[in-house]
Amino acid sequence: MEFLPTLWFVIIAVFWAGYLFLEGFDLGVGMLMKLLARDERQRRVLLNTVGPVWDGNEVWLITAGAATFAAFPMWYASLFSALYVPLVLVLVALIFRAVAFEYRGKAHRQSSRNAWDWAISLGSFTAAFGVGAMLALTTTGLPLDANGDRVGGAFAWLTGYAVLGGLAVVAFSLIHALAFVGLKTEGELRERARSLIGRWLPVALAPMALWAILVVVPTGKVIPLVLVVLAVVGGLAGWLANRRGAEGWSFAYSGAFLMAGVSAIFVAVFPVVLPSTIDAAFNLTVANASSSEYTLGLMSVIAAFGIPLVLLYQGWSYWVFRQRVSESHIPAAHTVTPVV
């Protein structure tokens with residue numbers, strides 16, 4: 001197996017894992033706007049926990065898509081054309097969510113703020129479900145012919161695996177967000193988040209664990225199986241840390257569960273980047289879907305400088321906004337009286 005195509009498969013897998021880790025908790029916080037917060041002040045606390053970082057987290061999605069386009073154009077073309085409908089829904093959901101983040105604070109009526117809250121919550125849910133469905137189908141397969149074109153109608157992608165992947169990312173995002181809220185807030189929200197993690201963590205992590213098992217077990221590969229076991233251990237450790245009140249460790253172990261699970265899935269499917277459910281001979285692999293050696297080499301040089309800079313900048317932004325947020329930090333909402 002050639003080195004550069006393999007390297008870029010690993011890099012793209014890292015981008016997706018990073019996206020699910022970072023965007024996962026802020027998508028979850030968006031959903032919690034209607035599930036956890038009980039009043040306006042608590043909703044503003046939730047918004048303030050992700051306010052400085054949510055748009056930076058979305059960069060990982062753009063980077064993963066762009067890297068796929070440049071490094072594996074056949075993978076990009078087949079995946080994005082076959083999943084045109086869910087990807088458009090994800091895009092629309094992210095647009096509504098971003099607009100709601102910006103406009104909610106400018107609304108003067110509670111009814112308007114409530115409408116923007118629903119936009120954030122439903123947009124977050126749709127984006128999480130759509131991304132999960134897409135990643136599940138990337139690892140379990142789509143009905144592709146010899147040319148990499150989808151066989152079937154616009155909803156040929158809507159399978160049990162797509163639903164499982166969507167539910168897996170939604171459920172993980174919710175439990176990951178609760179761990180983040182426990183780490184970043186004080187008072188009632190913190191206590192309620194800890195309580196919900198204690199009750200729901202095993203249920204919330206089960207769909208992603210099932211997805212990993214369904215992908216890994218048929219391959220018979222040892223390393224992915226070990227990674228699945230490590231993911232389960234990480235989930236258990238996160239649950240125990242939450243019981244001890246160690247929110248930082250609970251959040252870290254939640255991330256460890258994700259990283260081990262995603263790694264298990266990508267290692268299990270390698271070297272296939274997009275399986276065909278029609279015939280294994282039509283599978284797209286790192287060898288037949290990659291760009292030229294020159295393109296991958298140039299991308300590697302750029303990435304060697306760009307990726308560390310992005311990581312340093314994003315790490316710095318999280319460090320700057322590391323303090324907890326409480327309801328006492330939220331000023332009273334002001335109203336504007338129009339001049340007649």
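At what angle do the axes of helix α6 and helix α7 cross? I started there, with a predicted model in which local features need pLDDT of at least 70, side-chain atom pairs count only at pLDDT 80 or more, and totals for chains, interfaces and linings use all residues. I number residues from 1 along each chain as its sequence is written, and side-chain values use heavy atoms, with hydrogens and water left out.

**Entry: α6 and α7**

I found that α6 (residues 110–140) and α7 (residues 160–184) cross at roughly 130°, their axes coming within 6 Å. Helices here are DSSP runs (H or I, at least four residues), as are strands (E, at least two), numbered from the N terminus. Axes are lines fitted to C-alpha atoms, for helices over the stretch in contact, with angles from 0 to 180 degrees between N-to-C directions. The pair is therefore oblique; under 35 degrees would be roughly parallel, over 145 roughly antiparallel, 65 to 115 roughly perpendicular, and the rest is oblique. I noted the crossing as right-handed, meaning the near helix is turned clockwise from the far one by less than a right angle, with anticlockwise giving left-handed.

For contacts (heavy atoms within 4.5 Å), I listed Phe125, Phe129 and Leu137 among the α6 residues, and Tyr161, Leu167 and Val170 among those of α7. The contact residues divide into 12 nonpolar, five polar and no charged. In this scheme Ala, Val, Leu, Ile, Met, Phe, Trp, Tyr, Cys and Pro are nonpolar, Asp, Glu, Lys and Arg are charged, and the others, Gly among them, are polar.

**Entry: length and end of α6**

**Entry: α1 against α6**

Next I looked at α1 (residues 3–32), whose axis comes within 8 Å of that of α6 and crosses at roughly 150°. That makes the two roughly antiparallel, and the crossing is left-handed. Trp16, Tyr19 and Leu20 are among the α1 residues in this contact, and Ile120, Phe125 and Met134 are among those of α6. I counted 12 nonpolar, three polar and no charged residues.

**Entry: α3 against α5**

Where do charged residues turn up in a contact? I found three of them, with five nonpolar and no polar residues, between α3 and α5. These helices (residues 54–71 and 84–104) pack at about 165° with axes 12 Å apart. The α3 side includes Glu58, and the α5 side includes Arg97 and Glu102.

**Entry: a cis bond and a record**

I spotted a cis peptide bond joining phenylalanine 270 and proline 271, omega about 10°. Proline 271 lies in the loop between α10 (247–269) and β1 (272–274).

An unreviewed UniProt entry lists residues 157–184 and 222–241 among its "transmembrane region" stretches; such annotations may be inferred rather than shown by experiment. I read residues 157–184 as 89% helix and 0% strand, with end C-alpha atoms 38 Å apart. For residues 222–241 I have 100% helix, 0% strand and 29 Å.
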